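Please keep the structure open and follow along.

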Amino acid sequence: MHFTSSQLDAAIVALRTILPLEYPADAILRRFFRDNPMLGAQDRAFIAEAVFDILRHRFFLESLVKIVTPRALILAYLVKLQGMNLRELASLISEVETKWLSEIKAIKPDIFPLATQAEFPAWLVEKLQHFMPDTDILDLGLSLQKSAPLDLRVNTILAKRGEVLETLKQEGINAEATPYSPCGIRLVGKPAINRHALFLSGKIEVQDEGSQLLGYLLAPKRGEMVVDFCAGAGGKSLLLGALMNSKGRIYAFDVSEKRLNNLKPRFKRSGLSNLHIQRITNENDIKVKRLAGKIDRVLIDAPCSGLGTLRRNPDLKWRQSPHSIDELKTKQAAILSAAASLLKPGGRLVYATCSFLPEENQTVINEFLAAHPQFNLLNCAELLSQQKILLDTGEFLQLFPKLHQTDGFFAAALTRNDSAKPE
Ligand SMILES: C[S@@+](CC[C@H](N)C(=O)[O-])C[C@H]1O[C@@H](n2cnc3c(N)ncnc32)[C@H](O)[C@@H]1O
């Protein structure tokens with residue numbers, strides 16, 4: 001790799017801008033690129049990769065550095081993670097830096113405590129130790145230090161997966177069908193897919209395979225009434241619409257106008273006509289109450305810590321805390337309880353998070369079931385096998401990057417007993 005001093009300087013400024021982590025790293029980086037239009041495509045690619053890799057390995061890199069500065073982190077990254085040798089850097093670094101970098105060259109992560117090796121903050125290791133042995137914590141941490149693949153969802157309203165794979169192949173884009181999701185494609189590498197004709201024509205969307213499986217777990221049928229309670233930018237609403245062949249009605253609810261606005265252009269591209277996008281003020285909004293007992297399928301993609309997406313959002317480790325997780329638990333329980341009241345007897349509800357913490361997952365579900373005896377748990381492995389998806393993680397769906405090459409999703413499926421009257 002030919003590496004220039006201007007690339008080094010730009011990466012240092014980018015990292016300095018991001019490191020306070022007051023906002024999501026990807027949003028700050030996007031703004032940084034907007035404010036620095038003179039950076040070329042190669043510079044941007046280098047900076048983005050360096051910044052995210054440094055965040056993924058920040059605890060290790062910081063333990064190699066005497067005084068933590070953006071420059072020291074980038075130099076340690078180049079030598080330790082990019083394997084750059086000191087001769088390549090000679091014209092860019094001082095004598096003191098050369099000496100320090102040669103001293104750290106042989107240091108391996110395994111001499112450090114578990115939290116550093118796993119790249120988890122101490123509070124998270126402590127939480128995980130309640131239900132996982134240290135070897136599993138390390139495995140989980142290591143799997144989340146890798147960068148995530150780019151997964152696509154074929155919009156089956158407009159295209160077939162085989163056709164899309166063929167088109168990508170003809171263009172030299174290396175891609176394969178995902179192992180579980182019937183409409184998923186996994187790319188090798190990261191081509192700029194959002195400028196591709198398949199994307200612009202609505203035939204494909206970017207969506208992690210794990211996220212796609214949530215749609216198959218809900219399995220909405222044509223003509224049904226469906227609610228995507230925390231629709232956000234609508235990744236899952238669009239999949240639900242395609243599974244329903246655009247027949248029936250989907251309400252895409254969210255409290256965030258901004259996120260719902262991001263759904264609008266995607267909806268336009270999708271060829272769907274059955275999506276009703278509605279902002280709600282909170283989970284008890286009158287728009288929600290009006291639909292009580294009328295809905296066949298409810299998806300709750302709950303606001304969560306996002307720790308299962310650390311491959312993509314490594315900065316979440318510093319943006320979450322035991323306190324924020326306590327607050328999320330309360331919010332998740334309130335949303336689950338409000339959204340469940342929408343369900344018709346015999347209907348299906350899927351509660352999902354991209355977290356691997358039981359307190360955001362099993363605990364929320366178990367407490368809900370204890371307080372709402374008219375709801376029963378359904379077995380996720382059986383529901384998926386009804387969709388011809390052979391993936392058995394037990395009664396809950398629980399996905400891990402190391403085992404499934406997806407983000408760390410959790411899902412539970414519930415049904416309301418036929419005999420129960422809506423609340
Ligand atoms: C995990 S994100 C959803 C992502 C989205 N389903 C997708 O596939 O792109 C959680 C969403 O919950 C929304 N949210 C937070 N509190 C809410 C509430 N009380 N009612 C409905 N949505 C809420 C957030 O604005 C956020 O968009």
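1. Let's begin with D254, which sits in strand β6; helices (H or I, at least four residues) and strands (E, at least two) are DSSP runs, numbered from the N terminus. This is a predicted model, in which local features need pLDDT of at least 70, side-chain atom pairs count only at pLDDT 80 or more, and totals for chains, interfaces and linings use all residues. Residues are numbered from 1 along each chain as its sequence is written.

2. Is D254 buried or exposed? D254 counts as buried because it has 23 C-beta neighbours inside 10 Å. The cut-offs are these: a residue is buried if 20 or more other C-beta atoms lie within 10 Å of its own, exposed if 12 or fewer, and partly exposed in between, with C-beta atoms placed from the backbone. Beyond residues up to four places away in sequence, D254 touches C230, A231, G232, R259, L260 and R279. Contact here means that the two C-beta atoms, placed from the backbone, lie within 7 Å.

3. UniProt lists D254 and D301 under "binding site", in an unreviewed entry. Although they span 48 residues in sequence, no two of their C-alpha atoms are more than 10.4 Å apart, so they gather at one spot. Do bear in mind that UniProt positions are given in the numbering used here, that feature names are shortened, and that annotations may be inferred rather than shown by experiment.

4. Next, the ligand. How many residues surround it? There are 19, and the closest are C230, G232, G235, S256 and D301; a residue is near a molecule or strand if its C-beta atom, placed from the backbone, lies within 6 Å of it. Both α14 (235-243) and β6 (249-254) supply at least two residues of this shell. By class, the shell has nine nonpolar, five polar and five charged residues. In this scheme Ala, Val, Leu, Ile, Met, Phe, Trp, Tyr, Cys and Pro count as nonpolar, Asp, Glu, Lys and Arg as charged, and the others, Gly among them, as polar.

5. Which residue does the UniProt annotation "active site" cover? In the unreviewed entry it is C354, found in the loop between β9 (343-353) and α19 (362-371). C354 counts as buried, with 27 C-beta neighbours inside 10 Å. Not counting residues up to four places away in sequence, C354 touches C304, G306, G308, T309, D407, G408 and F409.

6. F356 is also found in the loop between β9 and α19. With 24 C-beta neighbours inside 10 Å, F356 is buried. Its contacts, apart from neighbours within four places in sequence, are L307, G308, G408 and F410. The C-alpha atoms of F356 and D407 are separated by 10.0 Å, although these residues are 51 apart along the chain.

7. Now for the domains: the assignment gives domain 1 (5-112), domain 2 (114-143), domain 3 (150-206) and domain 4 (209-416), and such bounds come from an automatic or database domain assignment. The largest nonpolar core has 71 residues, of which L217, V298, I300, V350, Y351 and A411 touch the most other members. Domain 2 and domain 4 both give residues to this core, so it lies between them. A nonpolar core is a set of buried Ala, Val, Leu, Ile, Met, Phe, Trp, Tyr and Cys residues joined through C-beta atoms within 7 Å.

8. Finally, two backbone angles deserve a look. Phi of K388 is near 65°, a positive value in a residue other than glycine, and phi of Q405 is near 55°, again positive. Most residues other than glycine have a negative phi, and most peptide bonds are trans. K388 lies in the loop between α20 (380-386) and β11 (397-398) and is exposed, with 8 other C-beta atoms within 10 Å. Q405 lies in the loop between α21 (401-404) and β12 (410-416) and counts as buried, with 20 C-beta neighbours inside 10 Å.
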